[in-house]
Amino acid sequence: MNLRRALLIALPYAWLLALFLVPFGIVLKISLSDMALAIPPYVPTLDIAAGWTGLKEFFSQLDFENFVFLTEDDLYWRAYLSSLRIAALSTLITLIVGFPIAYGMSRASDAWRPTLMMLVILPFWTSFLIRVYSWMGILSQQGLLNQFLLWTGLISEPLTILNTNIAVYIGIVYTYLPFMILPIYASLEKLDDSLLEAAEDLGCSRLQAFWLVTVPLARAGVIAGCFLVFIPAIGEFVIPSVLGGSRTLMIGKVLWEEFFSNRDWPVASAVAVVLLLILVVPIILFQRNEQRQREQEQ
Amino acid sequence: MRKSILPLAAALAVGASLASAQEEVRVYNWSDYIDEELLSKFEEETGLKLIYDVFDSNEVLETKLLAGGSGYDVVVPSGTFLQRQIQAGAFQKLDYSKLPNAVNLWDVIKERTAQYDPGNEYSINYMWGTTGIGVNVNKVREVLGEDAPIDSLSLIFDPANMEKLASCGVHFLDAPTEMIPAALKYLGEDPDSQDTDVIAKAEPVLSAVRPYVQKFHNSEYINALANGDICVAFGWSGDILQARDRADEAENGVEIAYNAPKEGALMWFDQMAIPVDAPNPDGAHKFLNFIMDAKNMAQATNYVYYANGNLASQEFVLPEILEDPAIYPDEETLKNLYTTTPYPAKVQRFVTRMWTRIKSGT
């Protein structure tokens, strides 16, 4: 029986190893290399045929030059900070929009829930790229939104929304909204109504009961939703490049420039490694903290 | 006929039989750059299955090539990029014995492209053109008055003009290798300078007008100009002429004009070459030979409004294109055109960093 258990545990670890650690190792290795005009465009490459000396030679050529370079130019820190800010604000807006929707869904009658669920998932049936592109048609100067607002007489001049940060926020909130709604809904759906009744019996108003019972119980869903939105939003490249303007500075775009315009894979890899550290370290700390709290409660 | 799921671009190849065992040729070309009828014609004539994908920046193509194993048989980099990619060993030499139609090529253009590819050993010219100014004539005159300098770099590099034009929308190319030489030319400096001190002089010029640039992009301006969403674009000649054509077809009252700047315009060459690891080099040669056919090349030019490097094709090129100095420049204009060479890695980094600083304002 022990073998079966070991195998069961080994499976997710093998998955992590093959799809996360090995690719990360490759990226890390490239980030320690030097750029070259060749295929692939960096040196050294590992020559396994050369055996042990080849390996030694290989490692002696790696250095941290590219990471030092990142600290010398303020572009990178500004891009990281700007991405963090855009991702954080988008996550907050997504939460503010998503929570009431999830709450409404969980309070809806059993007959309606599958339909509402379907409506949230429906956009996934269209390609992400096409949905982002269609926002160009909505937000442009001659777009649907401006035409509608002009028609209602609310504005007399078309608004410039496309190619600004506002369009980026709209794009991110729109795209990632289902990732916020679904986990919150999952945690609210399990909520036992009798807890709310008990709270009201004990003298809570409905609002108090909501704050003291519903919100804390939805916490796990809110945290999961925030992570699901925040993490991909930081590295987002498609939305800022399609909807954003020349002033939108995000690390995804900087990474693209390093990779494509400079052909500097080593620096691009260093940017990616630092991005990963920025994301992973806070998450690990947060999870540790959560775990400690849980243990204390027990 | 068996059906299979194909990428969008390949779906254009209508009428082809889609048996999976069929020999394939994969071509990677610029977007909006061929008459799609030619694609099905090639399949009919050769019995090969053509997979045709598109890109819109040299950088994207170069990254794919340098990563290796791009899977393409024919690619179309511009001259300066081609030169560097040859150095990196990205291409195989052409076998001219398989390219009988190469006799159709135009000496004048071959001489110029030999600057990037000595002896034209690795590439043939597909199209060439200039980088210049596209305007929505009526809107620009409305904003700047009747004598707006629509044929001068001062239209886009003088902040006084740009401040006014911002209200109707300006797009620049997102290509530092095009914009920086233009800014240097405007200053009267050598546009092909490899000296970072000289290149740096372009930064204040571009930064001064950046606040008035709505977007830096390499293909959106075709539609944006044609729809009247923007009034000025600094872009590639044929793309702007395509916008002119689309606006005419839509009869939306938008009148587009293209001018190579009178201060001097960048002349570029898009070259067809075969990657060193092409899966089907034989098919690639067949494609090149097909393209170099005088009638086929003329059909492509008649569709995309770019001049080609094929002398024999001129017989079949529409007179309105052949006689348009914006497309086939006369001797006088030709003298006013300049070319550039690739930047070394260190200078390239300097240029890209400067470009990021210009675009993002940081």
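Mentor: Start with a definition: a nonpolar core is a set of buried Ala, Val, Leu, Ile, Met, Phe, Trp, Tyr and Cys residues joined through C-beta atoms within 7 Å. Keep in mind that this is a predicted model. In soluble globular proteins, nonpolar side chains tend to be buried together. Here the largest nonpolar core has 107 residues, and B:Val74, B:Ile156, B:Ala183, B:Leu225 and B:Val232 touch the most other members. Strand 9 of chain B, residues 265-273, gives the largest share of this core, seven residues. At least three residues come from each of domain 1 and domain 2 of chain B.

Trainee: Which residues does B:Val232 touch, leaving out those up to four places away in sequence?

Mentor: B:Val232 touches B:Ile133, B:Val135, B:Val140, B:Leu155, B:Ile156, B:Leu165 and B:Val170. A second, separate core of 49 residues includes A:Ala79, A:Ile86, A:Ala218 and A:Ile239.

Trainee: Is strand 7 of chain B enclosed or open?

Mentor: Count its buried residues. In strand 7 of chain B, residues 232-236, five of the five residues are buried, so the strand is largely enclosed by the rest of the structure.

Trainee: Which strands are joined to strand 7 of chain B by bridges?

Mentor: Take the bridges and the direction of each pair in turn. Strand 4 and strand 7 of chain B run antiparallel and are joined by five bridges; B:Gly134 has B:Ala233 as its bridge partner in strand 7. Strand 5 of chain B, residues 170-172, runs parallel to strand 7, with two bridges between them. There, B:Val170 has B:Val232 as its bridge partner.

Trainee: How is chain B divided into domains?

Mentor: Read the bounds, then the boundary between the parts. Domain 1 of chain B covers 8-129 + 269-329, and domain 2 covers 130-267 + 339-360. Their C-alpha centres lie 26 Å apart. Across the boundary, 18 residues of domain 1 are in contact with 21 residues of domain 2. On the domain 1 side, helix 4 and strand 4 of chain B each supply at least two residues, and helix 4 gives the largest share, four residues. By class, that side has eight nonpolar, six polar and four charged residues.

Trainee: Why does the radius of gyration of chain B agree with a compact globule?

Mentor: Compare the value with the one for a globule of equal length. A compact globule of 362 residues would have a radius of gyration near 21 Å, and chain B has 20 Å, which agrees. Along the principal axes, the C-alpha atoms of chain B fill a box of roughly 60 × 50 × 40 Å. Of the 362 residues of chain B, 51% count as buried. Among contacts in chain B between residues at least 6 apart in sequence, 73% join residues at least 24 apart. The secondary structure of chain B comes to 18 helices and eleven strands.

Technical notes:
Residues numbered from 1 in each chain as written. Chains lettered and ligands numbered in written order. Predicted model: local features only at pLDDT ≥ 70, side-chain atom pairs only at ≥ 80, totals over all residues. Buried ≥ 20, exposed ≤ 12 C-beta atoms within 10 Å, placed from the backbone. Domains from an automatic or database assignment. Contact = placed C-beta atoms within 7 Å. Nonpolar A, V, L, I, M, F, W, Y, C, P; charged D, E, K, R; others polar. Rg over C-alpha atoms; globule rule 2.2 N^0.38 Å. Pairing = 2+ DSSP bridges.
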